[in-house]
Amino acid sequence: MLTLTKDPKVSKTTTLPTLFLWFMFYSVFGWVWESIVVSIEFGYWTNRGFLFGPLLPIYGTGAVLALVILSKRIQSLPLLFLAGGAIATILEYITSAALELIFNQRWWDYSQHRFHLHGRVSLLATVVFGVMIVLLIKVVHPHVERLTDRISDGTRQMLALGLVGVIAVDFLVTVVGLVTVSY
């Protein structure tokens with residue numbers, strides 16, 4: 001088992017299976033959050049995301065990156081807000097560009113917002129993500145971490161492995177469907 005940190009004040013151990021479980025949790029949370037927000041905005045149910053399943057991997061990736069990079073290094077709330085917003089904005093821009101390059105589609109467009117960059121990111125989204133990163137690190141994640149610490153190492157590994165299989169199948173089905181539709 002690969003142990004990334006061993007800090008008794010933080011959690012038993014932060015392993016790859018633990019990070020993957022956090023990634024999955026925040027990917028599902030992101031899908032729920034964004035589906036609700038966009039559905040309210042449009043006035044009808046909107047299933048957000050790249051995959052068919054209820055996951056937005058960009059949220060899971062952003063959360064885990066913020067946790068690994070920022071949570072133990074930055075204690076100042078204003079700096080955490082700025083750094084979290086920057087990480088999320090860079091991730092969002094890169095993801096948008098990659099999805100468009102690979103699939104010739106746009107999953108989001110901020111062109112209608114003031115202070116956007118190529119419609120891929122906007123100042124408003126950066127502010128929202130900065131606030132979300134602060135809430136993630138200071139309010140939400142300590143509870144998630146305590147819950148995952150209660151799961152035995154073996155169970156965490158098996159659960160993570162099973163979820164890797166599920167997301168791999170979802171990714172494969174999604175890509176095949178997108179490539180078939182695109183061509």
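A salt bridge, as the term is used here, is a side-chain nitrogen of Lys or Arg lying within 4 Å of a carboxyl oxygen of Asp or Glu. The model is a predicted one, in which local features need pLDDT of at least 70 and side-chain atom pairs count only at pLDDT 80 or more, while totals for chains, interfaces and linings use all residues. Residues are numbered from 1 along each chain as its sequence is written, and side-chain values use heavy atoms, with hydrogens and water left out.

Helices (H or I, at least four residues) and strands (E, at least two) are DSSP runs, numbered from the N terminus. For accessibility, buried means under 20% relative accessible area, exposed over 50%, and partly exposed in between (1.4 Å probe, protein chains only). Glutamate 100 is partly exposed at 26%, and arginine 106 is partly exposed too, at 33%. Arginine 120, at 12%, counts as buried. The charged end of arginine 120 also sits over the ring of tyrosine 93, 5.5 Å from its centre (the cut-offs are NZ of Lys or CZ of Arg within 6 Å of the ring centre and within 35 degrees of the ring normal).

In total, the structure holds five salt bridges. One of them joins glutamate 34 to arginine 48, at 3.1 Å from N to O. This pair links distant parts of the chain, with glutamate 34 in helix α1 and arginine 48 in the loop between α1 and α2, 14 residues apart. Both glutamate 34 and arginine 48 are buried.

Next comes the nonpolar core, meaning a set of buried Ala, Val, Leu, Ile, Met, Phe, Trp, Tyr and Cys residues joined through side-chain atoms within 4.5 Å. The largest one has 37 residues, of which Leu70, Leu136 and Ile137 touch the most other members. Two or more residues come from each of α1 (16-42), α2 (57-69), α3 (77-103), α4 (123-149) and α5 (153-182), and α1 gives the largest share, with eight. Setting aside residues up to four places away in sequence, leucine 70 touches Leu65, Leu80, Ala83, Gly84, Ile87, Ile133 and Ile137 (contact means heavy atoms within 4.5 Å).

Rings of Phe, Tyr and Trp (its six-membered ring) pair if their centres lie within 6.5 Å, with planes under 30 degrees apart called stacked, over 60 edge-to-face and the rest tilted. Six such pairs turn up across the whole structure. The rings of tyrosine 59 and phenylalanine 129 have centres 6.0 Å apart and planes at 70°, so the pair is edge-to-face. Tyrosine 59 belongs to helix α2 and phenylalanine 129 to helix α4, 70 residues apart. Both tyrosine 59 and phenylalanine 129 are buried.
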